[in-house]
Amino acid sequence: MELVTLDDIEQAAARIRAFVLRTPLLPAPWAGDDDRPLWVKPESLQSIGAFKVRGAFNAIGHLDESVRTRGVVAYSSGNHAQAVAYAAAVYAIPAHIVMPQETPDVKVAATRSHGATVVLCGAGQRERVAAEVVEETGGVLIPPFDHPDIIAGQGTIGLEIAEDLPSVDTVLIPVSGGGLASGIGTAIKAMCPNAKVIGVEPELAADTAQSLSVGHRVDWSIEDRNRTIADGLRSQPSELTFAHLQRVLDDVVTVTEDEIRSAVRELAQRAHLVSEPSGAVALAAYRKGPSPAGRTVVVLSGGNIEPALLQEILAG
């Protein structure tokens, strides 16, 4: 299997530069741990509120124009949906997005606001329904993580971390389908080879942690994975992303639902950053410890949270 390289990620960075925000690396003196000084990479500041816009623009931008004009199809619980819808709007092409019925309303509405046609489906049916939509529309499937262009696009975050903090010792990254951690990990391992790359999962959706421990992918039911409040971390790695994760991750840390809620609250109150539960798991892992001493970066992957849920967590 051919894995994504640093050169692929650098090409992606050039391809998407005009469309995405180069997010700052924010020092976090409020973290209060002199042995593990903290920085936050706030991908919640992207135009669609999450890192997914990087992979979407790279994948769509890499298509031959004659293919791209047929339109695109995606399946996603929310952030990839918004990213593909937004990128399709920028390229002025049709987009059909398949989303589970349990997707938060804020994410469905945001996807539709970019002009995409949203197709709702039952739990665990996204890929099947998306294949039907591809057949009906003639569009090109842009998967949420199982594609080299998606992985390379997300990897541009790792390039930026390495450029802004070349002495980084540890990078904590949310893991779901694995595209984000695969891309960032590839960039960090190439540019900062001494740094540790640690994935983070909810305990209620810890399929990657179990899979890496036994050396092969382990399937968790969608019912089990849907228990976590971190709705963006309910997917499982593909064969492609799992191969990357085996190569680039030094460890996987799991966090509880209470730890995730606490991290959302801390980011809002101390960093003045809005995070969805999925975006806050890296900080939750930092707080849980123990993690290696040294300069630590947590990736805040997204900030698309239902206002009522944010209010509930802040009142917590």
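Guide: Let us begin with a definition: a residue is called buried under 20% relative accessible area, exposed over 50%, and partly exposed in between. Please keep in mind that the model is predicted. As a case, Arg-295 has 35% relative accessibility and therefore counts as partly exposed.

Visitor: With which residue does the side chain of Arg-295 meet in a salt bridge?

Guide: In general, a salt bridge is a side-chain nitrogen of Lys or Arg within 4 Å of a carboxyl oxygen of Asp or Glu. Here the partner of Arg-295 is Asp-169, at 3.9 Å from N to O. The two residues belong to distant parts of the chain, 126 residues apart: Arg-295 is in the loop between helix 13 and strand 10, and Asp-169 in the loop between helix 7 and strand 7. Asp-169 is partly exposed, because its relative accessibility is 27%.

Visitor: How many salt bridges does the structure hold?

Guide: The structure holds 13 salt bridges. Among them is the pair of Asp-33 and Arg-36, with the closest N and O atoms 2.9 Å apart. Asp-33 is partly exposed at 23% relative accessibility, while Arg-36 is buried, with a relative accessible area of 11%.

Visitor: Is helix 2 largely enclosed by the rest of the structure, or largely open, and why?

Guide: Helix 2 is largely enclosed, because nine of its 10 residues are buried. The buried residues include Val-53, Phe-57 and Ile-60. The elements against which the buried residues of helix 2 pack include helix 1, strand 2, helix 4 and helix 7.

Visitor: Which residues form a negative surface patch?

Guide: In reading charges, Asp and Glu count as negative. The patch here is formed by Glu-2, Asp-7, Asp-8 and Glu-10. Of these, Asp-7 is placed in helix 1 and is partly exposed, at 43% relative accessibility.

How values were computed: Residues are numbered from 1 along each chain as its sequence is written. This is a predicted model: local features need pLDDT of at least 70, side-chain atom pairs count only at pLDDT 80 or more; totals for chains, interfaces and linings use all residues. Side-chain values use heavy atoms; hydrogens and water are left out. Buried means under 20% relative accessible area, exposed over 50%, partly exposed in between (1.4 Å probe, protein chains only). Helices (H or I, at least four residues) and strands (E, at least two) are DSSP runs, numbered from the N terminus. Contact means heavy atoms within 4.5 Å. Patches are made of residues with over 30% relative accessible area and no salt bridge: like charges are joined within 9 Å, nonpolar side chains (Val, Leu, Ile, Met, Phe, Trp, Tyr) within 5 Å. Accessible areas come from the Shrake-Rupley method with a 1.4 Å probe; for residues, only the protein chains shown count as cover. The place of a charge is taken as NZ of Lys, CZ of Arg, CG of Asp or CD of Glu.
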